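Subject: Structure handover and findings

Hello,

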Amino acid sequence: MNDDFSHMMTPFDQYISNQSLQMTKLLIPFLPPQSQRMIAVYVKFLEFRHTISFFRNMRQRTSSPEDIFDGLKPYLSPSDLESFDQMQNMMNMMSMMQEMIAQCYNHPAIVTWGIANEITIYNICEEQYRNLCDLHALCKKLDPSRLTTMAEVSMVPMNSEHVYITDVLSYNHYFGWYVGDVEDNGPWLDEFHALNPDRCLGVSEYGAENILSWHTAEPDNHDYTEEYANHYHQEMLKTFAARPFLWSTHQWNCFDFAADARNEGGVQGRNNKGLITYDRKEKKDAFYVYKAWWNPEPMVFVSGGRF
């Protein structure tokens, strides 16, 4: 079938018709009435013959739900198409979750199954909520031995229904970088814990960009200096140490990494929140903040060597 015509036909018509038949159909309305009747019957006869031949020679063929959806899409109204797209997206998510759990089930490093990250950053809707509940239920069915979690964006209200979907949850918080001050983290965590004392809360992302060539004697939020990053990370570790109810904290990120759309601190295409440079060669001063807190052996590091 010529590609110019195939997109105008149903998948079955593509099996039993051809370009010449389609051209003939296009001409029928413009023929004299008697010719219309004769040509129309002839076309249907040919299509019937092609149908018989198709089923006589047909090989066994199975279609996935994705194939069926793709075949139906050209014939759906905009509202129906939106519903089908949501259904297809959900089926894709369920399939990916099944594959991930099957592949990683026996991996000893897996602690929880994460069902979403900042998924409400653009909008919150009922369909989204139901899909997340279904993903949680699927995880529990496939692996009842592990907990589920989800990383919420800061703007999700503390009493949102999304907060109660998974077994445990975390928030991505950037008080002290994108918004507010680093000192705002503690009060927010305390308020959430007071409102939800039985919910296991973690911090799934936090961090501040810092670039080796940026320095100042008066560090301030969003100045990209190593000095501000030192202050930020020290305050964050103090905040966490004072709140043992947190089930997890994750610094974003260990290494600087590629991020095509970014242009931060004069560095294009990179997220500079790492504790180590992109090439893994230089440990930033903030790296040693964590080493001083976590290293079991006494250690000393004098920061500001690149100032």
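Below are the conventions, then the findings.

This is a predicted model: local features need pLDDT of at least 70, side-chain atom pairs count only at pLDDT 80 or more, and totals for chains, interfaces and linings use all residues. Residues are numbered from 1 along each chain as its sequence is written, and side-chain values use heavy atoms, with hydrogens and water left out.

Helix α8

Helices (H or I, at least four residues) and strands (E, at least two) are DSSP runs, numbered from the N terminus. Buried means under 20% relative accessible area, exposed over 50%, and partly exposed in between (1.4 Å probe, protein chains only).

Helix α8 covers residues 185-195. Its buried residues are Asn185, Gly186, Trp188, Leu189 and Phe192. They span an arc of only 165° around the axis, so they sit on the same side of α8. The arc is taken from the directions from the helix axis to the C-beta atoms. Glu191 and Ala194 are exposed, on the face turned away from the buried side. The buried residues pack against β3 (169-172), β4 (201-205), α9 (226-241) and β5 (246-249). Contact means heavy atoms within 4.5 Å.

His162

His162 lies in the loop between β2 (147-153) and β3. His162 counts as buried, at 1% relative accessibility. Neighbours within four places in sequence aside, His162 is in contact with Thr120, Ile124, Gln128, Tyr129, Leu132, Met150 and Glu152.

Aromatic rings

Rings of Phe, Tyr and Trp (its six-membered ring) pair if their centres lie within 6.5 Å; planes under 30 degrees apart count as stacked, over 60 as edge-to-face and the rest as tilted. The search of the whole structure gives 14 aromatic pairs. Tyr206 and Tyr232 have ring centres 6.4 Å apart and planes at 35°, so this pair is tilted. The pair links distant parts of the chain, 26 residues apart: Tyr206 is in the loop between β4 and α9, Tyr232 in helix α9. Tyr206 and Tyr232 are both buried.

Trp252 and Phe257 make an edge-to-face pair, with 5.5 Å centre to centre and 80° between the planes. Trp252 is partly exposed at 29% relative accessibility. Phe257 is partly exposed too, at 23%.

There is also a cluster linked by ring pairs: Trp177, Tyr206, Trp214, Tyr224, Tyr228, Tyr232 and Phe240.

Charges

A salt bridge is a side-chain nitrogen of Lys or Arg within 4 Å of a carboxyl oxygen of Asp or Glu. The whole structure holds 13 salt bridges.

- Asp143 and Arg146 form one at 2.8 Å, N to O. Both residues are buried. The charged end of Arg146 also sits over the ring of Tyr105, 5.8 Å from its centre. For that, NZ of Lys or CZ of Arg must be within 6 Å of the ring centre and within 35 degrees of the ring normal.
- Asp190 bridges to Arg243, with the closest N and O atoms 2.8 Å apart. Asp190 is in helix α8 and Arg243 in the loop between α9 and β5, so the pair ties together parts 53 residues apart in sequence. Asp190 is partly exposed at 35%, whereas Arg243 is buried at 14%.
- Asp256 and Lys284 meet at 2.8 Å, N to O. Asp256 is buried at 5%, and Lys284 is buried at 1%.
- Glu209, Arg262, Glu264 and Lys273 are linked in a salt-bridge network.

Best regards
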